[in-house]
Amino acid sequence: MRVQEVILNDNKKRYLLLDEVGVPVVLVMKYLKHLDQTGKSNNTLKTYYYALKQYFTYLEERK
């Protein structure tokens, strides 16, 4: 898993959590989109992505 930074047309930074083959994790994307729409800061969203990356990595290791 990895977090990918994306620059939008308006120069805003957004992030995606990608699985091992580079496909976005849809549930994480929807959750963080909701948080973005509620006005959370970009740094908060970035922190959530990295925390969720660690959590999903932990779950994979634990099977």
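Buried means a relative accessible area under 20%, exposed means over 50%, and partly exposed lies in between (1.4 Å probe, protein chains only). The model is predicted, so local features need pLDDT of at least 70 and side-chain atom pairs count only at pLDDT 80 or more, while totals for chains, interfaces and linings use all residues. Residues are numbered from 1 along each chain as its sequence is written, and side-chain values use heavy atoms, with hydrogens and water left out.

**Exercise 1. The fold in outline**

Task: State which elements the chain holds and in what order they run from the N terminus.

Solution. 
Step 1. Helices (H or I, at least four residues) and strands (E, at least two) are DSSP runs, numbered from the N terminus.
Step 2. The chain has two helices and two strands.
Step 3. Read from the N terminus, the order is β-β-α-α.
Step 4. The radius of gyration is 12 Å, close to the 11 Å of the globule rule for 63 residues, so the chain is as compact as a globular protein of that length. This radius is taken over C-alpha atoms, and the globule rule is 2.2 Å times the number of residues to the power 0.38.
Step 5. The C-alpha trace spans about 40 × 20 × 15 Å along the principal axes.
Step 6. Of the 63 residues, 16% are buried.

**Exercise 2. The hairpin**

Task: Describe how β1 and β2 pair, and find the residue with a positive phi in the turn.

Solution. 
Step 1. Two strands pair if DSSP finds at least two bridges between them.
Step 2. Strand β1 (residues 2-7) pairs with β2 in the antiparallel sense, over six bridges.
Step 3. Two partners in β2 can be located: Tyr15 is the bridge partner of Glu5, and Leu16 stands opposite Gln4.
Step 4. The two strands form a hairpin with five residues between them.
Step 5. Asn11 lies in the loop between β1 and β2. Its phi is near 65 degrees, positive in a residue other than glycine.
Step 6. For comparison, most residues other than glycine have a negative phi.
Step 7. Asn11 counts as exposed because its relative accessibility is 63%.

A second case sits in the segment after α2, where Lys63 is found. Lys63 has a positive phi of about 55 degrees and is not a glycine. With a relative accessible area of 87%, Lys63 is exposed.

**Exercise 3. A buried loop residue**

Task: Place Val25 in the chain and name its contacts.

Solution. 
Step 1. Val25 is in the loop between β2 and α1.
Step 2. Its relative accessible area is 16%, so Val25 is buried.
Step 3. Not counting residues up to four places away in sequence, Val25 touches Met1, Leu17, Asp19 and Phe56.
Step 4. Val25 and Ile7 are 18 residues apart along the chain, with C-alpha atoms separated by 18 Å.

**Exercise 4. The largest pocket**

Task: Give the volume of the largest pocket and describe its lining.

Solution. 
Step 1. On a 1 Å grid over the protein atoms alone, a pocket is an open set of points where a 1.4 Å probe fits, with protein on both sides within 12 Å along at least five of seven lines; lining residues have an atom within 4 Å of a point. Grid points are joined across faces, edges and corners, and a volume is the space filled by probe spheres set on the points.
Step 2. The largest pocket holds about 250 Å³ of space.
Step 3. It is lined by 13 residues, and the closest to its centre are Arg14, Tyr15, Met29, Lys33 and Tyr49.
Step 4. The elements giving two or more residues to this lining are β2 (13-18), α1 (26-37) and α2 (42-62). The largest share, five residues, comes from α1.
Step 5. The lining divides into eight nonpolar, one polar and four charged residues. Here Ala, Val, Leu, Ile, Met, Phe, Trp, Tyr, Cys and Pro count as nonpolar, Asp, Glu, Lys and Arg as charged, and the others, Gly among them, as polar.

Terms used
Contact = heavy atoms within 4.5 Å.
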